[in-house]
Structure formats: C-alpha cells, structure tokens
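Please read it with the model open beside you.

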Amino acid sequence: MLDFAVLAIFPGVMVFAAISDMLTMKIPNAVSLALVVGFFVLAAAMGMHWSTIGWHALAAVLMLIACFFMFNMGWIGGGDAKLAAATALWLGFGLLPTYGVFASVFGGILTLVILQLRQMAQEGPLSSTPWLARLREKNGGIPYGIALAAAGLMVYPDTALWIAARSI
C-alpha cells in the first residue's frame, strides 16, 4: 500500500496542479499543502532517516526563499513559487539542478507555444472556451505550473522515495 501511495500521490497532485494552472491560471494552496503533508507522512512511513528528511526540508525552504524573490520581482506567480518549493521537498538537493533544467526547458517551450497561439487568428470554435481565451490574451501570463509539474514528473523516478517504493 505504501508503494502505491508513493507512486500515486506526487504524480497525481502534480497533474492536478498543471491542469488547474492551465484552466484557471491559479494553483490552489491545497496543492502545495498536499505535497508537503504527503511527503512527511510517506517519508516517515517509508523509514527515511530524520536527517535526510531535514535536508529535504532545507531544500524546500531555500527554494521558497529563492522563489519568493522571483515572485517579488514579478517573474513568477505565488502558486508557482509554492509549487516549486513543495516539489523541492520531494526531490531534495541532489535533484534540484536537474529539476531546474527541465523546468527551464519545458517553460521555454510552453512560453513559445503560447506566444505562437496568441499570434493566431482569434476566431473559431475554441475561441469561446474561457481558459483558452485567457491563454490567448496578449498581455496574459504563462501558466508556468505546467512546466514545473512536467519537470517534477520527469525527475520523480530518481527520488529516494520512488526508489525505495520499487524495492518493496
């Protein structure tokens, strides 16, 4: 049962975050809270050493500080900042560079796709879809939670919890 939880909670919550950001341009606080609570419960249940849990928590705190700065500069949204920090909790320091590279690449591709979408004609059956209309707004934001979630999902199989769940 624990292995199923490890294999389902993080991916399920990340997919929900991406869909929520795409449809509403918001990532609910409950998403980040679910990731934080889920990590601590599963890490303890899987027998992760408390010092390792502490290092993961430090990675999350440092990510939150960095993302708070980016939020204050207007570079990312608050939901993105909280999602990145909660993701860092699951990944730990060792996987953060890889996560950053994936998030940057996926974010760049996502931005280019949305900018191209904004250049296309506005007429058609999809133009009345509220979330798509929001994405097509010329000065609208980019739902970067999609890129953050995709990056997290790419790196997750290399995490300590995933590897431990595979050995159960």
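1. A word on the source. This is a predicted model. Please read every value below as computed from that predicted model.

2. Helix 2 against helix 3. Helix 2 covers residues 29–45. Helix 3 runs over residues 50–72. Their axes come within 10 Å of each other and cross at roughly 160°. Angles over 145 degrees count as roughly antiparallel, so helix 2 is roughly antiparallel to helix 3. The hand of this crossing is right-handed.

3. Helix 3 against helix 4. Helix 4 takes in residues 78–91. Helix 3 and helix 4 have axes 7 Å apart, and the packing angle is about 160°. The pair is therefore roughly antiparallel. Helix 3 passes helix 4 in a right-handed crossing.

4. Helix 1 against helix 7. How do these two helices cross, left-handed or right-handed? The crossing is left-handed. Helix 1 spans residues 2–24, and helix 7 spans residues 145–155. The two axes come within 8 Å and cross at roughly 160°. That angle makes helix 1 roughly antiparallel to helix 7.

5. The nonpolar patch. Which residues make the nonpolar surface patch? They are Trp55, Leu58, Val61, Leu62, Ile65 and Phe93. The patch amounts to about 580 Å². Leu62 sits in helix 3. Its relative accessible area is 42%, so Leu62 is partly exposed. Ile65 is also a helix 3 residue. With 55% relative accessibility, Ile65 counts as exposed, because the cut-off for exposed is over 50%.

6. Ala66 has a relative accessibility of 36%, so it counts as partly exposed. Ala66 and Ala88 are 22 residues apart in sequence. In space, the C-alpha distance from Ala66 to Ala88 is 12 Å.

7. Thr24 in helix 1. Thr24 belongs to helix 1, which covers residues 2–24. Its relative accessibility is 38%, so Thr24 is partly exposed.

8. Met25 in the loop. Where does Met25 lie? Met25 is in the loop between helix 1 and helix 2. Please check its backbone in the viewer. Met25 has a positive phi of about 60°, although it is not a glycine. Its relative accessible area is 27%, so Met25 is partly exposed.

9. Ala43 in helix 2. Is Ala43 buried or exposed? Ala43 is found in helix 2. Its relative accessibility is 0%, so Ala43 counts as buried. The cut-off for buried is under 20%. Ala43 and Trp131 are 88 residues apart in sequence. Their C-alpha atoms are 36 Å apart in space.

Definitions and conventions: Residues numbered from 1 in each chain as written. Predicted model: local features only at pLDDT ≥ 70, side-chain atom pairs only at ≥ 80, totals over all residues. Heavy atoms only, no water. Patch = residues over 30% accessible without salt bridge, like charges linked within 9 Å, V, L, I, M, F, W, Y side chains within 5 Å. Areas by Shrake-Rupley, 256 points an atom, 1.4 Å probe, with all protein chains shown as cover. Salt bridge = Lys/Arg side-chain N within 4 Å of Asp/Glu carboxyl O. Helix = DSSP H or I, 4+ residues; strand = E, 2+ residues; numbered from the N terminus. Buried < 20%, exposed > 50% of the residue type's maximum accessible area, 1.4 Å probe, protein only. Axes fitted to C-alpha atoms, helices over the stretch in contact; angles between N-to-C directions. Parallel < 35°, antiparallel > 145°, perpendicular 65-115°, else oblique. Left-handed = near helix turned anticlockwise from the far one by under 90°.
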